Amino acid sequence: MDLSNLNDKQKEAVLHNKGPLLVVAGAGSGKTRVLTTSIAYLIKEKNVDPVNILAITFTNKAANEMKERVANLLGKDVSYLWIGTFHSICARILRMNIDKLGYDNNFTIYDTNDQKTLVKEIIKDLGYKDEISPKEALNIISYCKNKSIYPDEFLKLNTFYVKQEEYYKIYKNYEKRKFEYNSLDFDDLILKTLDLFAESPDTLTYYQNKFEYIYVDEYQDTNKSQYELIKFIGKLHNNITVVGDADQSIYSFRGADINNILDFEKDFKDAKTIKLEQNYRSTSKIINAANKLIENNTERKDKVLWTSKKDGAEVLYKKSSLETEEASFVVNEVTSLLKDGYKLSDIAILYRTNAQSRIFEEVFMKKLIDYKVIGGLKFYDRKEIKDLVAYLKVLVNPKDDISLKRIINEPKKGIGQKTIEGLEKEASKLGFSLTELVTDPSLFNGLTEKYKNTCRKFYDPLKDIFEHYSDYLIVDLIENVLDKSGYLKSLEESYSIENRSRIDNLNEFMSSAAEYQSNNPEDNIYDYLENLSLLSDLDKTEESNEAISLMTVHSSKGLEFKVCFIVGMDEGLFPSKRSIDEGNIEEERRLCYVAITRAMEKLYITSAEIRRQYGQPVYYKPSRFLNELDGSIKKLDQDKTQTFSNHELRVKTNEDYMRDKARESVLKKKTIKESSKEEFKIGDNILHSKWGKGMIVQIKLSTDGNELVVAFDKKGLKKLNQDYAPIKKV
Ligand SMILES: Nc1ncnc2c1ncn2[C@@H]1O[C@H](COP(=O)(O)OP(=O)(O)OP(=O)(O)O)[C@@H](O)[C@H]1O
Ligand SMILES: [Mg+2]
């Protein structure tokens, strides 16, 4: 096989093929290339049967790509190869063998909602309902599972909580009932495979014999139990190759442990280590920026990546005033990149959290630019967004039974399929739609007690909204629906990263509604919903490969694009507020390093000063990472044409705007009376006699002195009363 497209170190790694091997190397240095070439080499040159190879990657997308690359190198089908994520590989092993642990092989895999339902049930049965929240219990269970702490061990921990005994019982019951229901949660996939190997030596021997060669990509992000698993299976043949980069370890929140790299050298005594330092992916400007940033991490071994590529284009940084302007900047830049000959598929937009995709999806939709969301769903396809929109549709359209059926039991309140079908029959007997029936209390009396209760369960909490929805401002309506339906609460109650992300998405949805309303102050909920359907209609085009890619930085791991935009580079977004609060900046910096090193030719970084949170404008400062990158990035001018004052209405929340309409006459008088006083508007720079310089980011009109929210350079956000505060415009 031709290995001439590898450098000497890479060749050495490929030719190693017997015994344990650790490849530690920076981003884009060809680790994944080494893995795929090694696999192809074994099959072609060493006549190894593909069934004897196990390759583990981090995402299903990466697994598919690896399969494709190996197939290309060999020129033949390699479907017998076991390439997959830890979870998918374990699920495959368990499907064939979990009967040995007493389960049926057709077990169910629980998602977070199923987990929560189960924990709630247990808490109720144990009589802890008033003292322990399901959220906290799941939190503790998940913590234990990530650290492979079993219930009995948990009870013995002497560093733990009050109520340890109670939590122990919940955890123990949780495990027991999952077993009775023939179900596994996500963490179980790995843990039960470990149990299987411990309890069934024959099964272990079978897989040890089968997997003569093991390859693990993105090794820095394996957790303890995953590492145990590799050790178990690899022990017989000892042909384990792991490749990774400590600077790209970004999953500690899921228990990933960088120490696995150090342990590998300890656990596999004769392990060989190969270092790769040449980056083949990016221009030298991009690599410089990446090196400059990651140097700021103290918990790392010194390592410098180099490239023989040319300088290339400057890394550009653009600061916008508003998040909508940031999105416009990106779209305009994309358009000119297309003119320069780049294809849509060459370009990626990277952001810190899923919810940030919304604003970019919208501008791309409006410009008819095809896009796809990698590793997730498009914003308006996300379950929580669809649910919320269904709620709104049910409010305004009492014939929309499809939407009603979507949300009548969302959040779960024990309204099953049978009951819904029964109610539907009742409704048609009376000549009404199902929605009309369950939202009209005057009809409930004709129903049986059971059906009456069902209708009440759905309708009563929402009664006020159903009666007065047209009086609400759109954002208020959304907020109330989320609150009164219990939808938000149910997400908040069950701890998981997925649910946190769902809450972010709902928050983002509220912000988009607020933005909509301030641009269209006269519009009502009907107009708004129509606008939403038009948006998703634009989106109905066939998904093509020729599309721009949007994804979180986490999902971008291992991928590369000619052009990358890292958006939302603001303190509090990236690094995230949570990581700042928890003092976990180094991991965020690694995440930023991952983002920078995805770019091959061009890299843009953007930030915006004002973004909406739950519909309210909030002031952000540029990310600290931008300071650290200083000297390796070129700052573009902030647009002079678009100052805050032009956007006064947009920045002011619609809530203020609409409510204040009612007070207009009073305010008019007041303005006249105060005409000698200074007028302030959003975006004005002011000087406070005590707190120094700041900028007005929000104004709430009020008859007894407008309330100003000011972002002070040194003091952060403060609320002031315009009539009394010692401030003046500068
Ligand atoms: N010896 C080489 N000569 C030319 N190009 C190479 C060489 N090795 C790797 N490449 C190319 O460099 C790019 C990065 O390689 P690869 O994705 O394997 O790096 P990696 O170390 O896995 O990166 P990451 O850390 O981001 O996962 C790819 O486009 C790959 O084809
Ligand atoms: Mg890789």
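## Overall architecture

The chain contains 32 helices and 21 strands. Its radius of gyration is 29 Å, close to the 27 Å given by the globule rule for 730 residues, so the chain is as compact as a globular protein of that length. This is a predicted model.

Along the principal axes, the C-alpha atoms occupy a box of roughly 90 × 70 × 55 Å. Buried residues account for 41% of the 730 residues. Of the contacts between residues at least 6 apart in sequence, 75% link residues at least 24 apart.

## Domains

The domain assignment divides the chain into domain 1 (8-98 + 191-278), domain 2 (108-181), domain 3 (315-370 + 541-635), domain 4 (381-529) and domain 5 (684-729). The centres of domain 2 and domain 5, taken over C-alpha atoms, are 48 Å apart.

Ligand 1 lies between domain 1 and domain 3, because both domains give residues to the shell around it. That shell holds 19 residues, of which Gly-30, Lys-31, Thr-32, Arg-33 and Tyr-280 come nearest. Helix α2 (residues 31-45) provides the largest share, 3 residues. By residue class, the shell comprises 4 nonpolar, 10 polar and 5 charged residues.

## Asn-332

Asn-332 is part of helix α14, which spans residues 323-339. The residue counts as exposed because it has 12 C-beta neighbours inside 10 Å, and 12 or fewer is the criterion for exposure. Asp-302 is 30 residues away from Asn-332 along the chain, and 39 Å separate their C-alpha atoms.

Technical notes:
Residues are numbered from 1 along each chain as its sequence is written. Chains are lettered from A and ligands numbered from 1 in the order in which they are written. This is a predicted model: local features need pLDDT of at least 70, side-chain atom pairs count only at pLDDT 80 or more; totals for chains, interfaces and linings use all residues. Domain bounds come from an automatic or database domain assignment. Helices (H or I, at least four residues) and strands (E, at least two) are DSSP runs, numbered from the N terminus. A residue is buried if 20 or more other C-beta atoms lie within 10 Å of its own, exposed if 12 or fewer, and partly exposed in between; C-beta atoms are placed from the backbone. A residue is near a molecule or strand if its C-beta atom, placed from the backbone, lies within 6 Å of it. Ala, Val, Leu, Ile, Met, Phe, Trp, Tyr, Cys and Pro count as nonpolar, Asp, Glu, Lys and Arg as charged, and the others, Gly among them, as polar. The radius of gyration is taken over C-alpha atoms; the globule rule is 2.2 Å times the number of residues to the power 0.38. Two residues are in contact if their C-beta atoms, placed from the backbone, lie within 7 Å.
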